[in-house]
Amino acid sequence: MMKIDFGVYIHIPFCKQKCFYCDFPSFAGREKYIDDYLNSLHHEMELGAERIAEKGKLTPHTIYIGGGTPSHLNLSQMEMLFKSIHANMQVKNVAEFTMEANPCTIDEEKLHLMKDNGVNRVSIGVQSFDNGCLKRIGRVHTGEMAIEKVSMAQRAGFDNISIDLMYGLPGQSIDILKESLDKAVALGVQHISIYGLQLEEGTVLAKQQELHKLELPADEAVEEMYDYLVEYLPAHGFNRYEISNYALEEYHSRHNTLYWQDVPYLGFGSGAHSYWQGNRYENPVTIGDYIEAVSKDKFLHIMEESVSERAHMEEFCFLGLRMTSGINKRKFREIFNKDINEVFGKVIDKMVAKALLGESETAIFLTPLGMKYGNVVFGEFILE
Ligand code: SF4
């Protein structure tokens, strides 16, 4: 059998409380379904190993347990999850095995269990170290707790830790952001993801906005925050390698880089996406629908969509442009049997003239200005 490099994503959709900005497929107050859900996950992984690895074990390049909040599982549920993973996947040789955690629900025992089961990277959702901001976005932890849990993870032996931060939050000033960034780099973590707040439909913050009860920083203040952080993080050793991701040398996320490089991946769990043999798949989003689908032995046959060449080219460009290394011209030629300039030449020239794109012999990439106005550039890469 031909060896295919691929990543595995495992979704844990349970959270202690729904954050006010979150529109991810995650749910609070459904703890009573966790055991059934984990049984379904186990069965879905078995189906994956049976069909893809032909009854052997799956051999992913990377594994990522995300959510939701994976650390919301209690110790025995976590053990159950790791047993399923080890029963169906070769974990020993994975290049990176990440698990997401919330400062509120991670503890020493869970961290040691993670370490003993091969997890070698922890991604901790911090968002801000300012307790006022955290409260206004519905986070269940404090800034102090986040600091304590990062050092707890370090003491447990993790030397590859990522934290998530946000800017443009309600009540956040540039000084509050600066303080959070200072605290983040002082922690000695290896990776920082930082996202601007987006008001997503159906979230608590979007409702507050409709009722004129949300006090967001002015656009100019958000721009000032952006301009500050894109200078600050690299000046402190965190190189920007993707629009929202910064890492110390050699600590970029291997798993997320697979997504941006058009590499196949298998997603297990409710709402998980897969990209396999040129097709895209999406699992049912609700916990009940997912458990039901898996009970009927459905695997990679739920909401299937084959990707047309046109859509594939567009996506290849959007994803490539997210990374500072940009779109790899050789890879484009290998996949589509065409030169990228034959297809997108006009757009590339237009964006280069506006200083939003740069072009080298090997790549097309966003300039710093293009990174700031990425959506304008992405919009141009949609083929008529
Ligand atoms: S912890 Fe994460 S997944 Fe859960 S509600 Fe908050 S942002 Fe969403």
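How many salt bridges does the count come to? In this predicted model, the count comes to 13 salt bridges.

**View 1. Lys372 and Glu223 form a salt bridge.** The closest N and O atoms of the pair are 2.8 Å apart. That lies within the 4 Å cut-off for a salt bridge. The two residues come from distant parts of the chain, 149 residues apart. Lys372 sits in helix α14, which covers residues 368-372. Glu223 belongs to helix α8.

**View 2. The protein chain is assigned two domains, domain 1 and domain 2.** Domain 1 covers residues 7-260. Domain 2 covers residues 309-380. Taken over C-alpha atoms, the domain centres are separated by 29 Å.

**View 3. Domain 1 and domain 2 are in contact.** Eleven residues of domain 1 touch eleven residues of domain 2. Between them, about 950 Å² of area is buried. Carbon and sulfur atoms give 57% of that area. Three salt bridges are counted between the domains. Polar contacts between the domains number seven residue pairs, with both residues at pLDDT 80 or more. On the domain 1 side, the elements that give two or more residues are α8 (219-235), β9 (239-242) and α9 (254-260). By class, this side has five nonpolar, two polar and four charged residues.

**View 4. Residues from Cys15 to Arg139 are found in the shell around the ligand.** The shell divides into five nonpolar, four polar and two charged residues.

**View 5. Gly67 and Gly68 are joined by a cis peptide bond.** Omega is about 20 degrees. Gly68 lies in the loop between β4 (62-67) and α2 (75-88).

**View 6. Asp262 has a positive phi.** The angle is about 65 degrees, although Asp262 is not a glycine. Where is Asp262 placed? Asp262 is in the loop between α9 and β11 (265-268).

Notes. Residues numbered from 1 in each chain as written. Predicted model: local features only at pLDDT ≥ 70, side-chain atom pairs only at ≥ 80, totals over all residues. Heavy atoms only, no water. Domains from an automatic or database assignment. Contact = heavy atoms within 4.5 Å. Buried area = accessible area lost by both parts, 1.4 Å probe. Salt bridge = Lys/Arg side-chain N within 4 Å of Asp/Glu carboxyl O. Polar contact = N/O pair within 3.5 Å; in protein donor to acceptor, adjacent residues only side chain to side chain. Helix = DSSP H or I, 4+ residues; strand = E, 2+ residues; numbered from the N terminus. Nonpolar A, V, L, I, M, F, W, Y, C, P; charged D, E, K, R; others polar. Near = heavy atom within 4 Å.
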